[in-house]
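Please report on the aromatic and nonpolar side chains of this model. Cover the surface as well as the core.

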Amino acid sequence: MASTAAPGYGPVAKTLHWLIFALLAVQYAIGSIMPHIGRKTVNEGWVSWHFSVGAAILFFIVIRLAWRLTHPVPQLATLAPWEKIASAITHWSLYLLVLAMTVLGWAATNSRGWDVKLFGVVTLPELAPKGSKWGHECGDIHNILVYVLLGFIALHVAGALYHYFVKHDRVVARMPPST
């Protein structure tokens with residue numbers, strides 16, 4: 001494998017990629033240990049942390065999307081056509097799923113009558129009125145998409161491992177956190 005990185009992702013894209021990865025890892029951990037949100041759940045502890053981390057993820061995924069749209073990354077010419085299609089579908093699905101999950105979680109939080117605060121300071125506007133049925137349904141969809149997102153994350157990681165261990169090409173060299 002070549003020792004130099006293939007042209008493509010710059011330091012901003014790499015930083016956002018790994019920051020969002022870290023936030024998602026933390027969010028999945030919090031989501032797995034926090035109590036189920038039911039009628040008597042209080043917005044404190046792990047539940048409050050879940051909302052705060054979700055707002056941070058929303059903030060950074062919007063920046064990531066804007067960056068990606070204004071700084072497109074060319075795919076390597078050595079990729080097969082099916083690899084280019086699979087890569088594009090996987091990447092854009094990840095971006096859109098993360099965006100959708102955060103917005104759905106935000107609406108569901110508002111439907112419980114709770115605020116969502118960015119970095120614990122900036123209160124985000126209300127997306128769903130308290131007690132709204134559609135806001136509650138946003139929470140149900142959010143809970144389902146947790147697994148869909150996890151599946152796409154696994155597909156993304158499998159693709160990276162395939163390129164590194166099987167194809168021995170330069171795809172993975174485009175996104176290491178250290179460069």
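## Nonpolar surface and core

A nonpolar patch on the surface is formed by Val157, Leu161, Tyr164, Phe165 and Val166, with about 480 Å² of accessible area together. The model is a predicted one. Phe165 belongs to helix H4.

Val98 is in contact with Leu24, Ile57, Ile61 and Leu149, leaving aside neighbours within four places in sequence. In soluble globular proteins, nonpolar side chains tend to be buried together.

## Aromatic pairs

How many aromatic pairs does the structure hold? There are eight aromatic pairs. Two of them are tabulated here.

| Pair | Centre to centre | Angle between planes | Class |
|---|---|---|---|
| Trp82 and Tyr162 | 6.3 Å | 50° | tilted |
| Tyr164 and Phe165 | 4.9 Å | 85° | edge-to-face |

The pair of Trp82 and Tyr162 links distant parts of the chain. Trp82 lies in helix H3 (residues 81-111) and Tyr162 in helix H4 (residues 133-167), 80 residues apart. Is Trp82 buried or exposed? Trp82 counts as exposed, because its relative accessibility is 55%.

One aromatic cluster is made up of Phe59, Phe60 and Phe119.

## Positive phi angles

Phe119, a member of that cluster, is not a glycine, yet has a positive phi of about 55°. Where is Phe119 placed? Phe119 sits in the loop between strand E1 (117-118) and strand E2 (122-123). Phe119 has a relative accessible area of 49%, so this residue is partly exposed.

His168 also has a positive phi, near 55°, and is a residue other than glycine. His168 is found in the segment after H4. With a relative accessible area of 49%, His168 is partly exposed.

Note on methods. Residues numbered from 1 in each chain as written. Predicted model: local features only at pLDDT ≥ 70, side-chain atom pairs only at ≥ 80, totals over all residues. Heavy atoms only, no water. Phe/Tyr/Trp six-rings, centres within 6.5 Å; stacked < 30°, edge-to-face > 60°. Helix = DSSP H or I, 4+ residues; strand = E, 2+ residues; numbered from the N terminus. Buried < 20%, exposed > 50% of the residue type's maximum accessible area, 1.4 Å probe, protein only. Contact = heavy atoms within 4.5 Å. Patch = residues over 30% accessible without salt bridge, like charges linked within 9 Å, V, L, I, M, F, W, Y side chains within 5 Å. Areas by Shrake-Rupley, 256 points an atom, 1.4 Å probe, with all protein chains shown as cover. Salt bridge = Lys/Arg side-chain N within 4 Å of Asp/Glu carboxyl O.
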